[in-house]
Amino acid sequence: MSANESPTDPAAEQMVEQASATTPESPTEAPSDVSPDIAPTRKTRRRPEHKPPPADDPSPQEVSESKPESPKASNESAVLQGGWGYWGSWGKSLLSTATATVATVGQGISQVIEKAETTLGIPSPEELSAQAPQEENTDGGTAGAEGEAQDDTAMGGALGMLSSLSSVVQSTGKTVITGSLDALEFIGKKTMDVIAEGDPGFKKTKGLMIRPTTLSQVLREAKEREEQQTSEDLSSDVEKKAHYGMLFDEFQGLAHLEALESLSRESEIKVKSVLTSMSGGELAQLKADLEEVSEPFSLMEFEDDDDDTKEDSDGVEFAKELRDAMSRLQLSVTADKLTQARTNIHDRIADVKSATPVSTTEEDEKDEADEMAVPQHTPEDVHALAISSLAELTAKSIELFHKVAQVVLHNASGNAQISTGDQAKVLAQITIMLCKEISLLSKSFTCCLTTVGSNEKGEVLNPLITGVFLEASNSATYIQDAFQLLRTVLQLAHIQRTADFAQ
Amino acid sequence: MAYAYLFKYIIIGDTGVGKSCLLLQFTDKRFQPVHDLTIGVEFGARMITIDGKQIKLQIWDTAGQESFRSITRSYYRGAAGALLVYDITRRDTFNHLTTWLEDARQHSNSNMVIMLIGNKSDLESRREVKKEEGEAFAREHGLVFMETSAKTASNVEEAFINTAKEIYEKIQEGVFDINNEANGIKIGPQHAATNSSLPGSQGAQQAGGGCC
């Protein structure tokens, strides 16, 4: 994927839109006839005089044209699978344009994307500036209205398409879902309801989509649920120690997350208002810049090169890498709290390990006195420790991101030599480091659990181990979601910096 | 652990007046004379009891530096109480109160309870602002007033707890819509548990918690 195919590239949006909607002006070009190689011609020929209809008035022809084509959708769902690969890296704006695509189901998404791909070129500034106002219209809110207006007619086709999507969504997993949640919402709640009736397999995905959209809400609700449980069950004094959500809150993770969310939200508003105040080449330049800042946020790649098998149980290596990365940010923010937390966790694991007889016979005799002093750890203890450690590390990670956000905004006019885009890249690396550390940690805890609980039955031990892995995976998701919140913050910082240079 | 209500507080005021020290004294019952400058916002939490009810205070301790102002403003929203702090040994921190107050009123909800605090009351010999002046300012602007010392812990508990009492009274009077989290108040699980015998209250409570 090169930069010119990236999410907010106006040309890309334009082309996807054009490609997806067979416009009234070209009724002769039946959607299925349009092969990728025609598309560039369309672009050059049509762009100047073509005034795409505003998105909020979806032409009836469009809909009726697509309708007869709709059975094709199911045939194309096989190709679709390949098409989904693009979604991740194209990010939101592709998805929002996909709303239109879904509405005119006649053409498969894959075809549209192919077309869009081949037609992508770097547009001239004139073209860009001409599109700018149109984009404002087609962006966001109106797309929802569009979906609403069209979903009745497009339903037949959408049903086939979306049911195949749903299985893909489920298997592609959380990353795609979280990234595309917003965009999928555009398809319209109404559509969802109808689809879910005819497609039970979709229900799961739907459940994910109608859940609260902000991360802190999800976590807060989890915490509240746990609090509810514990307050109803006051006797279980020990058990409440293992409630992730409550612990996360106790480590001030929730507070930092909420604060980060509000910074992110306000930054987004400010960025948008700056964009609306601009026009012409200036706007095009800024959009390109912001795109560059956003890029590291959509290209999150976890190399599965299994180098996480490396031994770094004491977290020294992690601390060093993190410190290096933080210094590259040039933000005078340190990760000391986080690395300290990591060290403490390591110490606690070591404590558990030392209190657990590794091999029985001889050591039992030798260390008998010691073992009397050191209380034996139960698997429940280790589980509670694991959950609390994960909650702590996640909370500290989010605190770190929140600090970064504050200092980035505060120092926007500062003397950092590093560009905002490069800062974003470093932050993406940090996110990966943190997630890897979480995964590493979960492994050492489950290791510990297996050792400590070697005498326990599987039905006692397995849920505990699963619990640790589950919360570790959740932790990684929260960290990645928090990282995403930094995107608008860095964009705003970039704008502030540019403005300061100009003065 | 379980609480009936959660109140969100913010602590605001010029840099160096002792905001972070007040928080530390309240949450950890200790005093730290040398303190790093607060970056943006820090958090603290403590449970208190009012009228036999457990109340959790979630405190947002903001940076006092002017340059952080635009960031910290975004944190004002959704606070039920504010501690507006000045330093009785520095007249300028008292003079800036009007600006702080305007800022707070503008960026938060109108029912927010504001407690005016003249901190460092242990430094009587270096006092620049008379207690009467603080009282007069508070009266004029409808604030609660108190002089505290984060160092000796004098009045620190009272400052936080009296603010909570004020908020609690407003809830009883129905001034605060407790189902609107923008007011900085959340209903805790304890509250829900005691009410769960009443049919319907549970549902209403959940609906309240679910909205944002």
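A salt bridge is taken here as a side-chain nitrogen of Lys or Arg within 4 Å of a carboxyl oxygen of Asp or Glu. The model is a predicted one, in which local features need pLDDT of at least 70 and side-chain atom pairs count only at pLDDT 80 or more, while totals for chains, interfaces and linings use all residues. Residues are numbered from 1 along each chain as its sequence is written, chains are lettered from A and ligands numbered from 1 in the order in which they are written, and side-chain values use heavy atoms, with hydrogens and water left out.

The interface of the two chains was examined in terms of contacts (heavy atoms within 4.5 Å). On this basis, 27 residues of chain B are in contact with 27 residues of chain A. The size of an interface is often given as the accessible area lost when the parts come together. For chain B and chain A the buried area, which is the accessible area (1.4 Å probe) lost by two parts on being put together and summed over both, is about 2,300 Å², with 50% of it on carbon and sulfur atoms. Nine residue pairs, both members at pLDDT 80 or more, are in polar contact across this interface. A polar contact is a pair of N or O atoms within 3.5 Å; within protein, one must be able to donate a hydrogen and the other to accept it, and residues adjacent in sequence count only if both atoms are side-chain atoms. On the side of chain B that touches chain A, at least two residues each come from β2 (41-50), β3 (53-62), α7 (189-195) and α8 (201-210). Of the elements on this side, β2(B) gives the most, with five residues. Helices (H or I, at least four residues) and strands (E, at least two) are DSSP runs, numbered from the N terminus.

Among the salt bridges is that of E258(A) with K186(B), whose closest N and O atoms are 3.7 Å apart. E258(A) lies in helix α13 (residues 253-276) of chain A and K186(B) in strand β7 (residues 185-187) of chain B, so the pair joins two chains. Both E258(A) and K186(B) are buried; buried means under 20% relative accessible area, exposed over 50%, and partly exposed in between (1.4 Å probe, protein chains only). Within chain B, R91(B) and E133(B) form a salt bridge with their closest N and O atoms 2.7 Å apart. R91(B) belongs to helix α3 and E133(B) to helix α5 of chain B, so the pair ties together parts that are 42 residues apart in sequence. R91(B) is partly exposed at 27% relative accessible area, and E133(B) is partly exposed at 24%. Salt bridges that share partners also join K337(A), K396(A), E399(A), K403(A) and E42(B) into one network. R90(B) and D87(B) meet in a further salt bridge (3.8 Å, N to O); R90(B) is partly exposed, at 27%, whereas D87(B) is buried, at 1%.

Helix α5 (residues 131-141) of chain B has G134(B), F137(B) and A138(B) as its buried residues. Seen down the axis of α5(B), these residues fall within an arc of 95°, so they line one face of the helix; the arc is that of the directions from the helix axis to the C-beta atoms. The face turned away from the buried side carries the exposed residues R139(B) and E140(B). The cover over the buried residues of α5(B) includes β4 (81-87), α3 (91-95), α4 (97-107), β5 (113-119) and β6 (144-147) of chain B. G142(B), with a positive phi near 70°, follows α5(B).

A nonpolar core is a set of buried Ala, Val, Leu, Ile, Met, Phe, Trp, Tyr and Cys residues joined through side-chain atoms within 4.5 Å. The largest such core has 107 residues, and those with the most contacts inside it are M326(A), F401(A), L427(A), I430(A), F445(A) and L116(B). Helix α21 (residues 458-502) of chain A gives the most to this core, with 17 residues. Leaving aside neighbours within four places in sequence, L427(A) is in contact with L329(A), F401(A), V404(A), F483(A), L486(A) and L490(A). A second, separate core has 34 residues, including F26(B), A150(B), I161(B) and F176(B).
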